[in-house]
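Here's a quick rundown of charged side-chain pairing in one protein model. Have a look at the structure first, then we'll go pair by pair.

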Amino acid sequence: SVTSVEDPVIMSNIRQNLREKHARHVADLRAYYDSEIQSLKQQLEASQKTASSEDLRKVNQTLVDRCDQLDEALHEASARIKNLENKNNRLEKQVADWRERFRAVSDTSKVLQERVEEMRTKNKEKDNTISRLKSRLKELEEAFEKAYKLSDNKNARLKEENKMFQNLLGEHESLGKEHERVKDMLNATENKLLDANTQISDLKRTISKLEAQLKQVEHENTLKLRH
C-alpha cells in the first residue's frame with residue numbers, strides 16, 4: 001500500500017480511472033433519461049392522434065410530471081456524483097500530505113542512522129585507542145618495576161618515568177571521559193532514531209487508513225451511480 005501511494009504514476013492512473021468512470025456514468029444517466037423523455041414524447045404524439053382533448057390534457061400533465069421527476073432525479077444524481085468527486089479530491093490531498101510527511105520522516109531517519117553509524121565508528125576508534133594506551137601503560141608499569149629493582153640510585157630516571165606514567169594516566173582518564181560522552185550521545189541518537197521509526201509506523205498506518213477510506217468512497221460512488 002505504501003509503495004502504491006508513493007508512486008505518482010499509479011495515483012495518476014487511479015484519478016484518471018475515477019474521472020473516466022464518473023464521466024461514463026453521467027453519460028449513461030443522460031442517455032437513459034433522454035431515452036425516457038423521447039419515449040414519452042412518442043407516446044404523447046401517438047395519444048394525440050386517438051385521444052380526446054380531456055384525455056390529451058391528462059396524458060400531457062402526466063408526462064409533464066414524469067419529465068419533472070426525471071429531471072429532478074438527474075440533478076440529484078449529478079449533485080451526488082459531484083459530492084463524491086469532491087470527497088475523492090480531499091482524500092487525495094490528504095494522502096499526498098501524509099506522503100510528504102512520511103518522506104520527511106524517512107529522510108530524518110536516514111540522517112540519524114548515518115550519524116549513529118558514524119558515532120559507532122568513532123566509538124570503536126576510541127576503544128582501540130584506549131586499548132593501545134592500556135597496553136602501553138602496562139609496558140611502562142613493567143619497565144618501572146624493572147628500573148626500580150635494578151637500581152635505587154637512578155632517581156632521576158625514575159622521576160622521568162613516573163612523570164610519563166602520570167601523563168599517561170591523565171590521558172587515559174581524559175579518553176575515558178570522552179568515551180563515556182560519546183556513548184551518551186550514541187544512546188541519545190539511537191533514541192531519536194527509535195522515535196523516528198515509531199513515527200514512520202504511525203504514518204504508514206494513517207496512509208493505509210486513508211487508502212481504505214478512498215476505496216470505500218469509490219465503492220460507495222459505484223453503488224450510488226449503479227442505483
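This is a predicted model: local features need pLDDT of at least 70, side-chain atom pairs count only at pLDDT 80 or more; totals for chains, interfaces and linings use all residues.

Overall, the count comes to nine salt bridges, and a few of them are picked out below.

**Between helices**
- R120 pairs up with E190 in a salt bridge, with 2.9 Å between the closest N and O atoms.
- E190 sits in helix α4 (residues 155-226) and R120 in helix α3, so this pair ties together parts that are 70 residues apart in sequence.
- E190 is partly exposed too, at a relative accessible area of 26%.

**Within helix α3**
- K122 and E118 make a salt bridge whose closest N and O atoms are 3.5 Å apart.
- Both K122 and E118 belong to helix α3 (residues 53-150), and their spacing of four residues is about one turn of the helix.
- K122 is partly exposed with a relative accessible area of 46%, and E118 is partly exposed at 44%.

**Within helix α4**
- R205 forms a salt bridge with D202, and here the closest N and O atoms are 2.1 Å apart.
- R205 and D202 are both in helix α4, three residues apart, or about one turn of the helix.
- R205 counts as partly exposed at 49% relative accessibility, while D202 is partly exposed with a relative accessible area of 34%.

Methods. Residues are numbered from 1 along each chain as its sequence is written. Side-chain values use heavy atoms; hydrogens and water are left out. A salt bridge is a side-chain nitrogen of Lys or Arg within 4 Å of a carboxyl oxygen of Asp or Glu. Helices (H or I, at least four residues) and strands (E, at least two) are DSSP runs, numbered from the N terminus. Buried means under 20% relative accessible area, exposed over 50%, partly exposed in between (1.4 Å probe, protein chains only).
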